[in-house]
Amino acid sequence: MPSQRLMRIHSPEFKAMADRVLEVSALTSRLNCLPFDDEAGKAELLAQILGRPLPARATIYPPFFTDHGLSIELGERVFINQNCTFLDYSGIRIGARTMIGPKVTFITSGHPVDPEERRHYLTGAPIDVAENVWIGAGATILPGVSIGRDAVVAAGAVVADDVPAASLVTGVKADVQRRW
């Protein structure tokens, strides 16, 4: 698992990130109001959101949500269905020919578990999805996860650990890990 990053809230780095969040929120609001067949308008706004044009034959169906945009790397022929959320400040890489169902959420940042640190820091780790992966509707991929080539993540799964190549992962289960 990649090392976790720590950012102090109210730092210059946090301020720059917060400014980008406001900018991208305005861009995604415009994107999500366009007529579905306005391909030129979608391409222009997605290029501003991502900081570059979409790769060849990659598709993103609005509505689409992201908090940063510049840390999303998409391979060719990636398909992202409607209502997906990419909280990408720590980086999200999606390999070629990956299919992402509706309402999938990628989260690369969070807060420390310690209650004293929670309001003072953001934590984060990148998400890496290999080639030819299928992520089912409503799945949630958490910080630091890598998903191997040809894997399938079942609809509704919450993925907190790495997924081996050519495997199927399922399930949503919360367990008490510790108390304080």
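How many bridges pair strand β14 (residues 140-141) with β17, and in which sense? Strand β14 and β17 pair in the parallel sense, over 2 bridges. Within this pairing, T140 has V158 of β17 as its bridge partner. Two terms need their rules here: strands pair if DSSP finds at least two bridges between them, while helices (H or I, at least four residues) and strands (E, at least two) are DSSP runs numbered from the N terminus.

The model is a predicted one, in which local features need pLDDT of at least 70, side-chain atom pairs count only at pLDDT 80 or more, and totals for chains, interfaces and linings use all residues. Residues are numbered from 1 along each chain as its sequence is written, and side-chain values use heavy atoms, with hydrogens and water left out.

T66 finds its bridge partner in F86 of β6. Strand β6 is also joined by 3 bridges to strand β9 (residues 105-107), again in parallel. F86 has F106 as its bridge partner in β9.

Strand β6 (residues 84-87) also shows two faces: C84 and F86 form the covered face, whereas T85 and L87 form the uncovered one. In a regular strand the side chains alternate between the two faces of the sheet.

A second open sheet has 4 strands in the order β4-β7-β12-β15, with parallel pairing. Here β4 (72-74) and β15 (146-147) are at the edges, each with a single partner strand, so one side of each lacks a neighbour in the sheet. Inside this order, strand β7 (residues 92-94) and strand β12 (residues 127-129) run parallel and are joined by 3 bridges. I92 has I127 as its bridge partner in β12.

The helix α2 can be examined next. It comprises 12 residues (residues 39-50), which at 1.5 Å a residue should span 16 Å; the end C-alpha atoms are 16 Å apart, which agrees. The expected span is 1.5 Å times one less than the number of residues in the helix. In α2, the residues G41, K42, L45, L46, I49 and L50 are buried. They cover an arc of only 145° around the axis, which puts them on the same side of α2; the arc is that of the directions from the helix axis to the C-beta atoms. Buried means under 20% relative accessible area, exposed means over 50%, and partly exposed lies in between (1.4 Å probe, protein chains only).

Most residues other than glycine have a negative phi, and most peptide bonds are trans. R77, in the loop between β4 and β5 (79-80), has a positive phi of about 65° although it is not a glycine. R77 counts as partly exposed, at 43% relative accessibility. N132 lies in the loop between β12 and β13 (134-135), and its phi is positive, about 60°, although it is not a glycine. With a relative accessible area of 35%, N132 is partly exposed. A cis peptide bond, with omega about 0°, joins P62 and P63. P63 is in the loop between β2 (59-60) and β3 (64-66).

On a 1 Å grid over the protein atoms alone, a cavity is a set of points where a 1.4 Å probe fits but cannot get out, and lining residues have an atom within 4 Å of a point. Grid points are joined across faces, edges and corners, and a volume is the space filled by probe spheres set on the points. The count comes to 1 cavity of 30 Å³ or more, and the largest cavity holds about 40 Å³ of space. Its lining consists of R5, M7, M17, Y89, S90, S109, L122, T123 and G124. The elements giving two or more residues to this lining are β1 (5-8) and β11 (121-124). Of the elements, β11 gives the most to the lining of the largest cavity, with 3 residues.

Conventions
1 Å grid on protein atoms, 1.4 Å probe; cavity = no way out; pocket = protein on both sides within 12 Å on 5 of 7 lines; lining within 4 Å.
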